[in-house]
Amino acid sequence: MDAFPAFYPLSGKTIVIVGTGEAAEAKLRLFVGSPARIRRLEGEAALKPEAYEGAALAFIATDDDAFAEAAAGAARAAHVPVNVVDRPALCDFTTPALIDRGEVVAAIGTGGASPMLATLLRHDIEARVPEGAGHLAALFAGMQDEVRKALPEPHRRRAFLRAALNGPAAEAALRGDKALAATLLRQALARDEPGAGMVQFIDARGPADLLTLKAARALAAADVLVCDEAAHPDILALARRDAERTGPQTAARLAELTGQGLRVARLVTGPAWRSEQTVLEAAGVETEVLPIAG
């Protein structure tokens with residue numbers, strides 16, 4: 001990872017946009033509907049550090065190389081990170097291609113190397129993000145404290161949220177019916193009971209692009225990774241970073257983990273998983289294969 005992506009809160013923040021023309025207007029459009037305050041600068045005013053005082057970010061859009069460099073220097077003198085359109089060498093940060101669904105924002109960046117590639121990837125991903133995704137995120141954000149209080153154990157909370165994201169509350173939120181969504185989510189929370197976990201067998205020989213979407217989602221949701229030694233690093237990279245990671249375990253230990261309501265991703269690289277699955281199912285442990293080749 002050559003650049004670290006981060007989401008910066010805009011509420012109460014000031015954004016400076018320097019320049020005129022289509023490039024400057026394109027940067028301005030990034031913040032339409034956001035709570036940020038916009039400060040426009042042109043000409044000599046953009047070369048004074050005090051003009052950037054109190055700003056969170058600055059964008060400079062100009063065809064004049066000397067002006068761009070001077071304006072960037074003024075912003076940095078005011079300790080404001082700066083983006084200069086089409087001049088990666090002058091940038092403290094680059095602007096990704098964005099998918100904006102309100103509370104849900106996806107960003108695809110190439111570090112300024114290929115903005116066109118980022119745009120093409122954005123179009124591919126945008127179709128997969130429903131228009132109501134922001135309403136869904138707002139629902140869970142608004143009830144976060146209630147869910148944490150009712151389900152203090154992280155694994156139970158994750159299990160509840162996984163189910164809720166595919167339930168009637170989520171459907172209501174996606175339709176924009178916020179009141180009904182909140183009612184349905186509270187009802188689901190009130191009747192929540194800790195369920196049994198499961199073991200999902202995932203082919204970890206790699207590379208990662210051979211995984212099915214379902215297998216990738218299972219990795220992202222797993223509470224525990226139980227890995228063969230030869231598990232491909234690109235497969236491991238798809239898992240939650242805070243998931244517990246161990247080497248192969250006995251069937252009794254896997255049954256113990258699932259009995260605690262944990263979801264276990266069993267990352268396998270050889271045929272021994274078949275007998276392991278048989279033993280687990282005989283012990284009453286729910287298993288799933290996602291899928292294993294060979």
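## Helix α11 and its cover

The cover over the buried residues of α11 includes β7 (198–203), β8, β10 (263–268) and α12 (273–282). Contact here means heavy atoms within 4.5 Å. Helices (H or I, at least four residues) and strands (E, at least two) are DSSP runs, numbered from the N terminus. The model is predicted: local features need pLDDT of at least 70, side-chain atom pairs count only at pLDDT 80 or more, and totals for chains, interfaces and linings use all residues. Residues are numbered from 1 along each chain as its sequence is written, and side-chain values use heavy atoms, with hydrogens and water left out.

Helix α11 spans residues 251–259, and its buried residues are Leu254, Leu257 and Thr258. They sit on the same side of α11 because they cover an arc of only 95 degrees around the axis. That arc is taken from the directions from the helix axis to the C-beta atoms. Exposed Ala252 and Gly259 lie on the face turned away from the buried side. Buried means under 20% relative accessible area, exposed over 50%, and partly exposed in between (1.4 Å probe, protein chains only). After α11 comes Gly261, with a positive phi near 85 degrees.

## Asp223

Asp223 is in the loop between α9 (213–221) and β8 (224–227). Asp223 is buried, at 5% relative accessible area. A polar atom of its side chain lies 2.8 Å from the backbone nitrogen of Arg263. Beyond four places in sequence, Asp223 touches residues including His155, Arg158, Arg162, Arg240, Gly261 and Arg263.

## Aromatic pairs

The whole structure holds three aromatic pairs. One of them, Phe201 with Trp273, is tilted: 5.7 Å centre to centre, with 45 degrees between the planes. Rings of Phe, Tyr and Trp (its six-membered ring) pair if their centres lie within 6.5 Å; planes under 30 degrees apart count as stacked, over 60 as edge-to-face and the rest as tilted. Phe201 belongs to strand β7 and Trp273 to helix α12, so the pair ties together parts 72 residues apart in sequence. Phe201 is buried at 0% relative accessible area, and Trp273 is buried at 6%. Phe31, Phe59 and Phe93 form one aromatic cluster.

## Largest nonpolar core

The largest nonpolar core has 20 residues. Such a core is a set of buried Ala, Val, Leu, Ile, Met, Phe, Trp, Tyr and Cys residues joined through side-chain atoms within 4.5 Å. Val18, Tyr52, Ile60 and Val84 have the most contacts inside this core. Two or more residues each come from β1 (14–18), β3 (57–60), α2 (65–77) and β4 (82–84). The largest share, six residues, is from α2. Beyond four places in sequence, Val18 contacts residues including Leu41, Tyr52, Phe59, Ile60 and Phe67.

Conventions: A polar contact is a pair of N or O atoms within 3.5 Å; within protein, one must be able to donate a hydrogen and the other to accept it, and residues adjacent in sequence count only if both atoms are side-chain atoms.
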